[in-house]
Amino acid sequence: MSRHTSGGNGQRMEPSAALAVVKNGMRVFVGSGCAAPRTLLAALAAREKDLFDLELVHLLGMAPLPGAAPGSASHFRPNALVLGPGLCESVAAGWADYTPAHLSDIPGLFQSKAIEIDVALIAVSPPDAHGYCSLGIHVDVIPAAIAAAGRVIAEVQPAMPRTHGQSFVHVSALHAIVEAHLPLLEWSPPPPRDDTEAIARFVAGLIEDGATLHAPLGRIGTAVWAALAGHRHLGVHTESFSDALLPLMESGVVDGSRKSLLPGKIVASACMGSAHLYQAVNDHPGFEFRPTDFVNDPATIARNRSMVAIQSGFQIDITGQAAGESLGGRVLSGFGGQADFFRGAAMSDHGRTILAMPSTAKNGTVSR
C-alpha cells in the first residue's frame, strides 16, 4: 500500500496539462498490458513533434506506443522489459530497445535507480472514500515505479476493478489525476489445437491433487487449465492468468486449501482477459495481487510445497537446452518470469518443473 511517496497532491487535470512536466531526454515509465493508460499515451503522442529523445520504459505492451512502428521518424523510443508480439519487429529493426531483466529483479532496478524513472504514467481505479485507488489488473512492477518516479500521473479508469493484495495507492502519491472514459483492453488466447490439447493431457497427468501451479498465458497454458478439470484442491501462484482459470474456481478444483503460502488465495501479479474476468476479480478477496519482486521471487515461489511450474518454449536441443526467449538471435519474448518460476519450483519441497511445447512448427515442416 503506497501513500505519499513523492509529494503528490492528486490534482485533477486535463491530459495535456498533466503531461506538461514531460521534457526532452526524460525516461517515462508506462503502465502495463491491458491496463495501459491509453488516454495519457494519446496525449503524449500529440506532443511528439515538440519532444526529443524520450525513452518509454514498459513491460508487456498491449496498447500502441508512440514510436513503436518500424521506420517511424519518432522522437520517442520504446524500451521493453518484456517483449510482446507488437514490438518484436521494431526491436529487430532497431527502432525500439529491449532490456533483458528477470521480472523478479525489475522493481529493484527502479528502486536502486539502475533504471531511473523521471515520470510514471499509470492507470488506476477511482479512489474510494479514504482516497485509495487500486492498480487493478496489473500490479506487476508498478508500485516500484510509483515509489521511484519523480512524478506520477494517474489515469483514472472507471472500469478498472479494485483488486486485493498490494494493489493500493493513495491519491497523495499522485501528482496529477486524469479522467478517462475508455473500456479496459481485453485479451483472448490463440484458439486451441489438437496437439496442444494432447500436450495438456500429458501435463495434467504429471500434476497431483493439492499441488500449487504456475502456467503461462497463451495456447499451452489455456489448454492445461482446461485439462485439470478432474483434479482436486489445487492452488495457484502464478505470474498472470486469464479467463481459463475461472471454471476451475467455480467448480471447486482450485480452492487453495492445501497451499503452504497464503492458503486459499490465488496469488498473481496481473491478469489479462475479458470483461467477465475483470468483473470476477473485482473486490474478490480470493485473489491476491502482489508485485513481481514477491510473486516471481524464486525464494517466495519455493515456499509453496508441491509447486509445479509449467512453461512453454520455442526449441529444445538433444542436450536438454531450451530456447524460451529468443530464436536464432532474434528476441521474441525476453526473460520474463520463466527462469524465476523454474528456479522456485526446483527449490520447492516436492516441486516440479515442466517444459511443454509441440515437437514441430510450421504445420509439421520444422522440428523444434
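At 1% relative accessibility, F241 counts as buried, a label that means under 20% relative accessible area, with exposed over 50% and partly exposed in between (1.4 Å probe, protein chains only). F287 is likewise buried, its relative accessible area being 1%. The model is predicted, so local features need pLDDT of at least 70 and side-chain atom pairs count only at pLDDT 80 or more, while totals for chains, interfaces and linings use all residues. Residues are numbered from 1 along each chain as its sequence is written, and side-chain values use heavy atoms, leaving out hydrogens and water.

Aromatic rings come next. A pair of aromatic rings is described by the distance of the centres and the angle of the planes. Rings of Phe, Tyr and Trp (its six-membered ring) pair if their centres lie within 6.5 Å; planes under 30 degrees apart count as stacked, over 60 as edge-to-face and the rest as tilted. Searching the whole structure gives three aromatic pairs. One of them joins F29 and F110 edge-to-face, at 5.7 Å centre to centre with 75° between the planes. Because F29 lies in strand β2 (residues 27–30) and F110 in helix α4 (residues 106–111), this pair ties together parts that are 81 residues apart in sequence. Here helices (H or I, at least four residues) and strands (E, at least two) are DSSP runs, numbered from the N terminus. F29 and F110 are both buried.

How are F241 and F287 arranged as an aromatic pair? They are stacked, with 5.5 Å centre to centre and 15° between the planes. Since F241 belongs to strand β13 (residues 240–241) and F287 to strand β16 (residues 287–289), the pair ties together parts that are 46 residues apart in sequence. Together with F289, these two residues form one aromatic cluster.
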